[in-house]
Amino acid sequence: MLQAFIGPIAELAGGWLNAKTQKQAADAKLKLTEAEVKGKILLSKETSIADWERIMAQGSQSSWKDEYFVIILSIPLILCWIPGTEGWVDRGFEQLSKAPDWYFYRLGIAISASFGVRGVQKFFKR
């Protein structure tokens, strides 16, 4: 009589353990699949960034844009050392101090894009 009860109870306990094991295996497989997908997305993102940088570098090989900005940004520095031109530099910076903030943000973005500086948004959020 005791064996009549033990058999169904053992089957019930075995079924419960089997279901729990299957659930744990399914959860582990889901986590593994999620990790693989995230890895593929990150790899795709990094590949896209590298491709974009390569294309931009190829496009700037025959461009004078970078040199233009270097020359323009160097003029005040050079004029500060030439006697008699210091006043021009002072007046120029006085005039620039009156310019709106959006002008400097856009100028900074243009220069950053020209030199291929990524993450310029972090700089302007300060």
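The model is predicted, with local features requiring pLDDT of at least 70 and side-chain atom pairs counted only at pLDDT 80 or more, while totals for chains, interfaces and linings use all residues. Residues are numbered from 1 along each chain as its sequence is written, and side-chain values use heavy atoms, without hydrogens and water.

The average pLDDT (the predictor's confidence in each residue, from 0 to 100) is 77, and 70% of the residues score at least 70. Helices are DSSP runs of H or I with at least four residues, numbered from the N terminus. Confidence is highest in helix 3, at 91, and lowest in helix 5 (residues 120–124), at a mean of 57. Where pLDDT is low, the predicted coordinates should not be read in detail.

A pocket is an open set of points on a 1 Å grid over the protein atoms alone, where a 1.4 Å probe fits, with protein on both sides within 12 Å along at least five of seven lines; lining residues have an atom within 4 Å of a point. The largest pocket holds about 380 Å³ of space, the volume being that filled by probe spheres set on the points, which are joined across faces, edges and corners. Its lining has 16 residues, of which Ile72, Leu73, Pro76, Phe93 and Leu96 are the closest to the centre. Helix 2 (65–79), helix 3 (86–96) and helix 4 (101–115) each give two or more residues to this lining, and helix 2 provides the largest share, 7 residues.

Leu96 lies in helix 3. Helix 3 and helix 4 each supply at least two residues of a nonpolar surface patch, to which helix 4 gives the most, 5 residues.

A salt bridge requires a side-chain nitrogen of Lys or Arg within 4 Å of a carboxyl oxygen of Asp or Glu. The count is 1: Lys23 pairs with Asp27, with the closest N and O atoms 3.1 Å apart. Lys23 and Asp27 are 4 residues apart in helix 1 (residues 2–59), and therefore separated by about one helical turn.
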